[in-house]
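This briefing is meant for a reader who is meeting the structure for the first time. Please keep the sequence and the 3D view at hand while going through the points below.

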Amino acid sequence: MPVDDTALSVTDTGGPGRPVVYLNGCYADHRPWRPVIAELGTGWRHITYDERARGRSRRSADHSFEACLRDVDAVLEARGVDRPLLVGWPYGALIAAHCAGRNPDRTFGIVGVDGPFPCGWTDEASFERIRKLFRRMGRLMPVLRPLGLAARMTTGQHAEVAIESHKLHAALGPVLDSLICPVRYAVASGEAFGSKGNEQEQMRTTLGPVLARNPNLKVSAKVASNHGTILRKEFRAVAVAVRETAAAHDQEGSPSR
């Protein structure tokens, strides 16, 4: 599907079921969603796509967050979907939150898989740590890409995407406060690749005040797996969160505050 200077690889199961759009992790392709899709079954309309420069989608000169938001709009328009349930793993969950914040009448609900949390690094020392991490990973990129764990970007571009993501997460509180659709979180317990100590768990604790302020947001489950394995090991919990989100919408209509 052509978008801007690229083309996206999109899969749509079709059918009359509630459309669910799956938004991938920062550099991942659509494949980690397969267990969740299989668990939910054929009663839903499942739409997956690879973000630009990821998976089977083509390269792009623009890897910005705003470009990723445009890609969501383009996929929805091309597939004729008006009010999807957005399921995102955490970069994808960040995209979902911004989509719903900007278009509240066009979002049925959100499921966030270990994100998004209103917390991110904003200091130059942390940014340099990210850049150094990706420089060290440079030789691994050709191995990681076929596995759907790296994008068709340079190591520097990978780092800048991560840095932009941290800045957006740090400023996420007002966006989460504004959401009027039902939002359910499936939260992991372990750490993420590149994190030190209990950094990921500290990020998760920042969700508490937001849950207290906005009753539309709730935690469906906190599971034992870590950030990277949650979709593979806890796909049933993610599927339960999808069903809970749909049920909350059907019981309450479109919630407001």
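**Open and enclosed spaces**

The second largest pocket has a volume of about 180 Å³, as computed on what is a predicted model. This pocket is lined by 14 residues, and those lying nearest its centre are D29, R31, G55, R56 and R145. By class, its lining divides into seven charged, four nonpolar and three polar residues.

- When the whole structure is searched, one cavity of 30 Å³ or more is found, and the volume of the largest cavity is about 70 Å³.
- The residues that line the largest cavity are V72, D73, L76, D82, P84, L86, C99, N103, R106 and T107.
- Helix α2, which covers residues 65-79, gives the largest share of this cavity's lining, namely three residues.
- Sorted by class, the lining of the largest cavity holds five nonpolar, three charged and two polar residues.
- As a general point, empty space left between atoms is shown by rolling over them a probe the size of a water molecule.

**Helices α4 and α6**

- Helix α4 spans residues 124-136 and helix α6 spans residues 155-170, and their axes come within 9 Å of each other while crossing at roughly 145°.
- The crossing in which α4 passes α6 is right-handed.
- On the α4 side the residues that meet the other helix are F127, I130, R131 and F134, and on the α6 side they are T155, H158, A159, E160, A162, I163, H166 and K167.
- The residues of this contact between α4 and α6 divide into six nonpolar, three polar and three charged.
- S126 also has its place in helix α4, and it counts as buried because its relative accessibility is 12%, where the cut-off for buried is under 20%.
- Between the C-alpha atoms of S126 and F65, which stand 61 residues apart along the chain, the separation is 20 Å.

- H98 lies in helix α3, which runs over residues 91-102.
- With a relative accessibility of 11%, H98 counts as buried.
- If neighbours within four places in sequence are left aside, the residues in contact with H98 are F65, L69, L168, L172 and V175.

**Backbone features in loops**

- The peptide bond that joins G115 and P116 is cis, with omega at about 0°, and P116 has its place in the loop between β7 (109-113) and α4.
- D114 is found in the loop between β7 and α4, and its phi is near 50°, a positive value in a residue other than glycine.
- With a relative accessible area of 1%, D114 is buried.
- A53, although it is not a glycine, has a positive phi of about 70°, and its position is in the loop between β5 (44-49) and α2.
- A53 is buried as well, since its relative accessible area is 1%.

**Two further loop positions**

- G17 has its place in the loop between β3 (10-12) and β4 (18-23), and at a relative accessible area of 18% this glycine is buried, given that the cut-off for buried is under 20%.
- Apart from neighbours within four places in sequence, G17 is in contact with G43, W44 and R45.
- The C-alpha atoms of G17 and R58 are separated by 29 Å, and these two residues are 41 residues apart along the chain.
- S189 is placed in the loop between β8 (183-187) and α8 (199-205).
- Is S189 buried, partly exposed or exposed? S189 is partly exposed, because its relative accessible area is 32%, a value to be read against limits of under 20% for buried and over 50% for exposed.
- Not counting residues up to four places away in sequence, S189 touches E201, R204, K222, V223, A224 and S225.

Technical notes
Residues are numbered from 1 along each chain as its sequence is written. This is a predicted model: local features need pLDDT of at least 70, side-chain atom pairs count only at pLDDT 80 or more; totals for chains, interfaces and linings use all residues. Side-chain values use heavy atoms; hydrogens and water are left out. Helices (H or I, at least four residues) and strands (E, at least two) are DSSP runs, numbered from the N terminus. Buried means under 20% relative accessible area, exposed over 50%, partly exposed in between (1.4 Å probe, protein chains only). Contact means heavy atoms within 4.5 Å. On a 1 Å grid over the protein atoms alone, a cavity is a set of points where a 1.4 Å probe fits but cannot get out, and a pocket is an open set with protein on both sides within 12 Å along at least five of seven lines; lining residues have an atom within 4 Å of a point. Grid points are joined across faces, edges and corners, and a volume is the space filled by probe spheres set on the points. Ala, Val, Leu, Ile, Met, Phe, Trp, Tyr, Cys and Pro count as nonpolar, Asp, Glu, Lys and Arg as charged, and the others, Gly among them, as polar. Axes are lines fitted to C-alpha atoms, for helices over the stretch in contact, and angles run from 0 to 180 degrees between N-to-C directions. A crossing is left-handed if the near helix is turned anticlockwise from the far one by less than a right angle, and right-handed if clockwise.
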